[in-house]
Amino acid sequence: MITGKTRLLAVIGAPIAHSLSPIIQNAALHAAGLDYVYTALPVRADALASAVRGLRDAGIAGFNVTIPFKTEIIPLLDALSEDARRIQAVNTVVIEDGRMVGHNTDVAGFLAGFAERGIALTGKKAVLIGAGGAARAALWGLLRSGVSSVVIGVRSVEKGAALAADFAVDGDVRAVSFDDTAWIVACSDADIVVQTTPLGMTPHTAEMPPVDTASMNPAAVVYDLIYTPAETRFLREARAQGCETINGETMLVAQGAEAFHLWAGVRPDMELMKRTLREELARNTLRY
(Lines give C-alpha, C1' and ligand atoms only; values in the text may rest on other atoms or scores of the structure.)
Protein backbone atom coordinates (compact mmCIF):
# COMPACT_ATOMS: atom_id res chain seq x y z
CA MET A 1 0.00 0.00 0.00
CA ILE A 2 1.28 3.45 -0.92
CA THR A 3 1.07 5.92 1.99
CA GLY A 4 2.40 9.35 2.86
CA LYS A 5 5.55 7.61 4.14
CA THR A 6 6.26 5.72 0.93
CA ARG A 7 9.57 6.76 -0.64
CA LEU A 8 9.70 7.38 -4.38
CA LEU A 9 12.23 6.06 -6.89
CA ALA A 10 12.12 6.58 -10.65
CA VAL A 11 13.77 6.21 -14.02
CA ILE A 12 13.95 9.20 -16.36
CA GLY A 13 14.49 9.15 -20.10
CA ALA A 14 13.00 9.92 -23.48
CA PRO A 15 11.29 7.69 -24.48
CA ILE A 16 10.74 5.70 -21.30
CA ALA A 17 7.42 3.81 -21.64
CA HIS A 18 9.28 0.68 -22.82
CA SER A 19 11.42 0.44 -19.66
CA LEU A 20 11.29 -2.84 -17.73
CA SER A 21 12.91 -1.26 -14.66
CA PRO A 22 9.62 -0.44 -12.85
CA ILE A 23 8.45 -4.06 -13.09
CA ILE A 24 11.78 -5.51 -11.95
CA GLN A 25 12.48 -2.97 -9.20
CA ASN A 26 8.98 -3.00 -7.73
CA ALA A 27 9.04 -6.81 -7.53
CA ALA A 28 12.34 -6.64 -5.64
CA LEU A 29 11.17 -3.82 -3.35
CA HIS A 30 8.01 -5.73 -2.46
CA ALA A 31 9.96 -8.92 -1.77
CA ALA A 32 12.36 -7.02 0.51
CA GLY A 33 9.45 -5.50 2.45
CA LEU A 34 10.58 -1.96 1.71
CA ASP A 35 8.17 0.97 1.63
CA TYR A 36 9.31 2.31 -1.73
CA VAL A 37 7.66 2.59 -5.13
CA TYR A 38 9.48 2.89 -8.45
CA THR A 39 8.01 4.55 -11.54
CA ALA A 40 8.99 5.71 -15.03
CA LEU A 41 8.99 9.45 -15.72
CA PRO A 42 9.19 10.81 -19.27
CA VAL A 43 11.33 13.95 -19.45
CA ARG A 44 11.50 16.22 -22.48
CA ALA A 45 14.95 16.65 -23.96
CA ASP A 46 14.83 20.40 -23.26
CA ALA A 47 13.59 20.01 -19.69
CA LEU A 48 16.27 17.91 -18.00
CA ALA A 49 17.54 20.62 -15.64
CA SER A 50 14.11 21.60 -14.36
CA ALA A 51 13.07 17.93 -14.03
CA VAL A 52 16.16 17.03 -11.99
CA ARG A 53 15.66 20.03 -9.68
CA GLY A 54 12.03 19.04 -9.27
CA LEU A 55 12.90 15.47 -8.34
CA ARG A 56 15.42 16.70 -5.78
CA ASP A 57 13.03 19.27 -4.33
CA ALA A 58 10.22 16.72 -4.14
CA GLY A 59 12.38 14.66 -1.78
CA ILE A 60 12.62 11.43 -3.75
CA ALA A 61 15.29 8.92 -2.72
CA GLY A 62 16.92 8.61 -6.10
CA PHE A 63 16.45 7.76 -9.73
CA ASN A 64 17.89 5.96 -12.72
CA VAL A 65 18.96 7.80 -15.85
CA THR A 66 18.73 6.41 -19.36
CA ILE A 67 18.97 7.62 -22.96
CA PRO A 68 19.50 10.44 -23.83
CA PHE A 69 20.53 11.92 -20.48
CA LYS A 70 23.41 9.79 -19.15
CA THR A 71 26.05 12.38 -20.01
CA GLU A 72 23.91 15.51 -20.08
CA ILE A 73 22.97 15.09 -16.41
CA ILE A 74 26.56 15.30 -15.11
CA PRO A 75 26.78 19.13 -14.76
CA LEU A 76 23.56 19.08 -12.71
CA LEU A 77 24.97 16.79 -10.00
CA ASP A 78 26.94 17.58 -6.85
CA ALA A 79 29.41 14.68 -7.10
CA LEU A 80 30.28 11.57 -9.11
CA SER A 81 31.44 8.11 -8.14
CA GLU A 82 34.75 6.89 -9.55
CA ASP A 83 33.05 4.70 -12.17
CA ALA A 84 30.79 7.53 -13.32
CA ARG A 85 33.72 9.94 -13.48
CA ARG A 86 35.87 7.57 -15.55
CA ILE A 87 33.09 6.61 -17.95
CA GLN A 88 31.61 10.13 -18.03
CA ALA A 89 28.11 8.69 -17.86
CA VAL A 90 25.58 8.38 -15.04
CA ASN A 91 22.78 5.84 -14.81
CA THR A 92 21.93 6.14 -11.10
CA VAL A 93 21.48 9.16 -8.84
CA VAL A 94 21.28 8.99 -5.06
CA ILE A 95 19.73 11.98 -3.28
CA GLU A 96 20.49 12.54 0.39
CA ASP A 97 19.89 15.77 2.28
CA GLY A 98 19.36 17.54 -1.04
CA ARG A 99 22.75 16.44 -2.38
CA MET A 100 22.76 14.48 -5.65
CA VAL A 101 25.53 11.96 -6.32
CA GLY A 102 25.82 10.28 -9.72
CA HIS A 103 26.88 6.66 -10.08
CA ASN A 104 27.36 4.26 -12.96
CA THR A 105 26.23 0.76 -12.05
CA ASP A 106 26.68 -0.57 -15.60
CA VAL A 107 30.28 -1.46 -14.70
CA ALA A 108 29.24 -3.61 -11.74
CA GLY A 109 26.47 -5.11 -13.85
CA PHE A 110 28.86 -5.94 -16.68
CA LEU A 111 31.42 -7.57 -14.39
CA ALA A 112 28.69 -9.59 -12.68
CA GLY A 113 28.28 -11.54 -15.91
CA PHE A 114 31.84 -12.85 -15.51
CA ALA A 115 31.66 -13.27 -11.73
CA GLU A 116 28.51 -15.39 -12.01
CA ARG A 117 30.48 -17.89 -14.11
CA GLY A 118 33.62 -17.71 -11.96
CA ILE A 119 35.64 -16.20 -14.84
CA ALA A 120 38.77 -14.27 -13.82
CA LEU A 121 39.89 -11.45 -16.12
CA THR A 122 43.38 -10.70 -14.82
CA GLY A 123 45.99 -11.08 -17.52
CA LYS A 124 43.49 -11.95 -20.27
CA LYS A 125 43.57 -10.52 -23.79
CA ALA A 126 40.25 -8.90 -24.72
CA VAL A 127 38.57 -7.52 -27.79
CA LEU A 128 35.66 -5.10 -27.66
CA ILE A 129 33.20 -4.74 -30.53
CA GLY A 130 31.91 -1.17 -30.84
CA ALA A 131 32.79 2.20 -29.31
CA GLY A 132 29.46 3.57 -28.05
CA GLY A 133 28.19 4.26 -24.55
CA ALA A 134 27.96 0.59 -23.54
CA ALA A 135 31.52 0.06 -24.77
CA ARG A 136 32.83 2.73 -22.38
CA ALA A 137 31.43 0.90 -19.36
CA ALA A 138 32.67 -2.46 -20.60
CA LEU A 139 36.13 -1.09 -21.40
CA TRP A 140 36.55 0.47 -17.97
CA GLY A 141 35.32 -2.76 -16.35
CA LEU A 142 37.85 -4.83 -18.28
CA LEU A 143 40.74 -2.50 -17.49
CA ARG A 144 39.72 -2.19 -13.84
CA SER A 145 39.77 -5.98 -13.64
CA GLY A 146 43.35 -6.26 -14.89
CA VAL A 147 43.11 -7.53 -18.46
CA SER A 148 46.47 -7.40 -20.23
CA SER A 149 45.17 -5.64 -23.36
CA VAL A 150 42.03 -4.52 -25.17
CA VAL A 151 41.61 -4.16 -28.93
CA ILE A 152 38.52 -2.15 -29.89
CA GLY A 153 36.96 -3.06 -33.24
CA VAL A 154 35.18 -0.15 -34.93
CA ARG A 155 33.77 1.12 -38.21
CA SER A 156 34.98 4.64 -37.45
CA VAL A 157 38.67 4.58 -36.57
CA GLU A 158 38.44 8.18 -35.32
CA LYS A 159 35.73 7.28 -32.83
CA GLY A 160 37.61 4.20 -31.68
CA ALA A 161 40.87 6.10 -31.33
CA ALA A 162 39.16 8.72 -29.18
CA LEU A 163 37.79 6.02 -26.88
CA ALA A 164 41.18 4.32 -26.64
CA ALA A 165 42.84 7.65 -25.84
CA ASP A 166 40.37 8.29 -23.00
CA PHE A 167 41.54 5.12 -21.27
CA ALA A 168 45.17 4.97 -22.41
CA VAL A 169 46.47 5.69 -18.91
CA ASP A 170 44.61 2.66 -17.57
CA GLY A 171 46.12 -0.03 -19.75
CA ASP A 172 47.07 -1.31 -23.19
CA VAL A 173 44.17 -0.13 -25.39
CA ARG A 174 44.09 0.37 -29.14
CA ALA A 175 41.41 0.69 -31.81
CA VAL A 176 41.42 -0.95 -35.23
CA SER A 177 39.03 -0.94 -38.15
CA PHE A 178 36.86 -3.97 -38.80
CA ASP A 179 38.50 -4.02 -42.25
CA ASP A 180 42.02 -4.21 -40.85
CA THR A 181 43.77 -7.60 -40.81
CA ALA A 182 44.85 -6.71 -37.26
CA TRP A 183 41.19 -7.10 -36.24
CA ILE A 184 41.08 -10.68 -37.54
CA VAL A 185 44.29 -11.49 -35.67
CA ALA A 186 43.02 -9.89 -32.45
CA CYS A 187 39.74 -11.85 -32.56
CA SER A 188 41.50 -15.16 -33.16
CA ASP A 189 43.93 -14.48 -30.30
CA ALA A 190 41.47 -13.12 -27.72
CA ASP A 191 40.57 -14.78 -24.43
CA ILE A 192 37.58 -12.45 -23.96
CA VAL A 193 35.28 -11.11 -26.71
CA VAL A 194 32.70 -8.47 -25.73
CA GLN A 195 29.97 -7.41 -28.16
CA THR A 196 28.50 -3.99 -27.27
CA THR A 197 26.60 -3.00 -30.43
CA PRO A 198 22.87 -3.50 -31.19
CA LEU A 199 23.69 -5.93 -34.03
CA GLY A 200 21.52 -9.02 -33.61
CA MET A 201 19.00 -7.46 -31.23
CA THR A 202 15.30 -8.21 -31.66
CA PRO A 203 13.75 -7.76 -34.20
CA HIS A 204 16.93 -7.82 -36.35
CA THR A 205 18.06 -11.22 -35.13
CA ALA A 206 19.79 -12.24 -38.38
CA GLU A 207 22.41 -9.48 -38.01
CA MET A 208 25.95 -10.22 -36.89
CA PRO A 209 28.92 -8.12 -35.79
CA PRO A 210 31.88 -8.34 -38.21
CA VAL A 211 33.63 -11.26 -36.52
CA ASP A 212 34.54 -14.57 -38.14
CA THR A 213 33.47 -16.91 -35.36
CA ALA A 214 35.12 -19.86 -37.13
CA SER A 215 38.53 -18.27 -36.51
CA MET A 216 37.96 -17.44 -32.85
CA ASN A 217 39.79 -19.17 -30.03
CA PRO A 218 37.44 -22.00 -28.92
CA ALA A 219 38.59 -21.38 -25.34
CA ALA A 220 37.44 -17.75 -25.49
CA VAL A 221 34.58 -16.36 -23.42
CA VAL A 222 32.14 -14.49 -25.66
CA TYR A 223 29.88 -11.90 -24.00
CA ASP A 224 27.05 -10.19 -25.90
CA LEU A 225 25.40 -7.36 -23.95
CA ILE A 226 22.11 -7.99 -25.80
CA TYR A 227 19.43 -9.87 -23.81
CA THR A 228 16.66 -9.99 -26.44
CA PRO A 229 16.88 -12.56 -27.88
CA ALA A 230 18.41 -14.57 -25.05
CA GLU A 231 20.86 -16.05 -27.54
CA THR A 232 21.88 -13.87 -30.47
CA ARG A 233 23.12 -15.34 -33.72
CA PHE A 234 26.61 -14.22 -32.67
CA LEU A 235 26.43 -16.17 -29.39
CA ARG A 236 24.90 -19.19 -31.11
CA GLU A 237 27.73 -19.35 -33.65
CA ALA A 238 30.37 -18.77 -30.96
CA ARG A 239 28.90 -21.57 -28.85
CA ALA A 240 29.03 -23.87 -31.87
CA GLN A 241 32.81 -23.20 -31.97
CA GLY A 242 33.13 -24.34 -28.36
CA CYS A 243 33.24 -20.89 -26.75
CA GLU A 244 31.63 -20.20 -23.40
CA THR A 245 28.91 -17.59 -23.94
CA ILE A 246 27.23 -14.96 -21.76
CA ASN A 247 24.25 -12.79 -22.70
CA GLY A 248 23.21 -9.41 -21.29
CA GLU A 249 20.57 -10.65 -18.85
CA THR A 250 22.81 -10.70 -15.79
CA MET A 251 24.24 -7.28 -16.64
CA LEU A 252 20.76 -5.76 -16.88
CA VAL A 253 19.61 -7.25 -13.59
CA ALA A 254 22.88 -6.70 -11.71
CA GLN A 255 23.14 -3.01 -12.63
CA GLY A 256 19.58 -2.58 -11.33
CA ALA A 257 20.42 -4.54 -8.19
CA GLU A 258 23.44 -2.29 -7.56
CA ALA A 259 21.24 0.80 -7.91
CA PHE A 260 18.74 -0.77 -5.49
CA HIS A 261 21.54 -1.24 -2.95
CA LEU A 262 22.72 2.36 -3.34
CA TRP A 263 19.21 3.65 -2.62
CA ALA A 264 17.98 1.24 0.05
CA GLY A 265 21.19 0.01 1.69
CA VAL A 266 20.23 -3.66 1.29
CA ARG A 267 20.85 -6.25 -1.42
CA PRO A 268 17.80 -7.32 -3.43
CA ASP A 269 16.86 -10.85 -4.46
CA MET A 270 18.73 -11.15 -7.79
CA GLU A 271 17.07 -14.43 -8.74
CA LEU A 272 13.65 -12.86 -8.27
CA MET A 273 14.69 -9.93 -10.45
CA LYS A 274 15.91 -12.31 -13.17
CA ARG A 275 12.73 -14.35 -13.01
CA THR A 276 10.62 -11.18 -13.24
CA LEU A 277 12.61 -10.03 -16.27
CA ARG A 278 12.20 -13.37 -18.06
CA GLU A 279 8.47 -13.47 -17.36
CA GLU A 280 7.95 -9.95 -18.67
CA LEU A 281 10.01 -10.62 -21.79
CA ALA A 282 7.95 -13.76 -22.43
CA ARG A 283 4.72 -11.75 -22.05
CA ASN A 284 6.00 -9.13 -24.48
CA THR A 285 6.88 -11.85 -27.00
CA LEU A 286 3.39 -13.32 -26.77
CA ARG A 287 1.81 -9.87 -27.05
CA TYR A 288 3.53 -9.12 -30.34
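Student: What does the secondary structure of the protein come to?
Tutor: Ten helices and twelve strands. Keep in mind that this is a predicted model.

Student: What makes β8 and β9 a pair?
Tutor: Pairing takes at least two bridges between two strands. Five bridges join β8 (residues 149-154) to β9, and the two run parallel, so they count as paired. Within that pairing, Val 150 stands opposite Val 173 of β9.

Student: Which strands make up the open sheet, and in what order?
Tutor: There are six, ordered β9-β8-β7-β10-β11-β12, with parallel pairing.

Student: Why are β9 and β12 called edge strands?
Tutor: Because β9 (173-177) and β12 (244-246) each have a single partner strand, one side of each has no neighbour in the sheet. On average, neighbouring strands here are turned by 20° against each other, ignoring direction.

Student: What packs on that sheet?
Tutor: Helix α8 (residues 233-240) does, touching β7, β10, β11 and β12. The direction of α8 makes about 170° with that of β11.

Student: How do you know that the radius of gyration agrees with a compact globule?
Tutor: For 288 residues, a compact globule would come out near 19 Å; the protein has 19 Å, so the two agree. The C-alpha trace spans about 60 × 40 × 35 Å along its principal axes.

Student: How much of the protein is buried?
Tutor: Take buried as under 20% relative accessible area; 49% of the 288 residues are buried.

Student: Which residues does the UniProt domain annotation cover?
Tutor: The unreviewed UniProt entry puts "Shikimate dehydrogenase substrate binding N-terminal" at residues 11-93. That span is 33% helix and 22% strand, with its end C-alpha atoms 10 Å apart.

How values were computed. Residues are numbered from 1 along each chain as its sequence is written. This is a predicted model: local features need pLDDT of at least 70, side-chain atom pairs count only at pLDDT 80 or more; totals for chains, interfaces and linings use all residues. Side-chain values use heavy atoms; hydrogens and water are left out. UniProt positions are given in the numbering used here, feature names are shortened, and annotations may be inferred rather than shown by experiment. Helices (H or I, at least four residues) and strands (E, at least two) are DSSP runs, numbered from the N terminus. Axes are lines fitted to C-alpha atoms, for helices over the stretch in contact, and angles run from 0 to 180 degrees between N-to-C directions. Contact means heavy atoms within 4.5 Å. The radius of gyration is taken over C-alpha atoms; the globule rule is 2.2 Å times the number of residues to the power 0.38. Buried means under 20% relative accessible area, exposed over 50%, partly exposed in between (1.4 Å probe, protein chains only).
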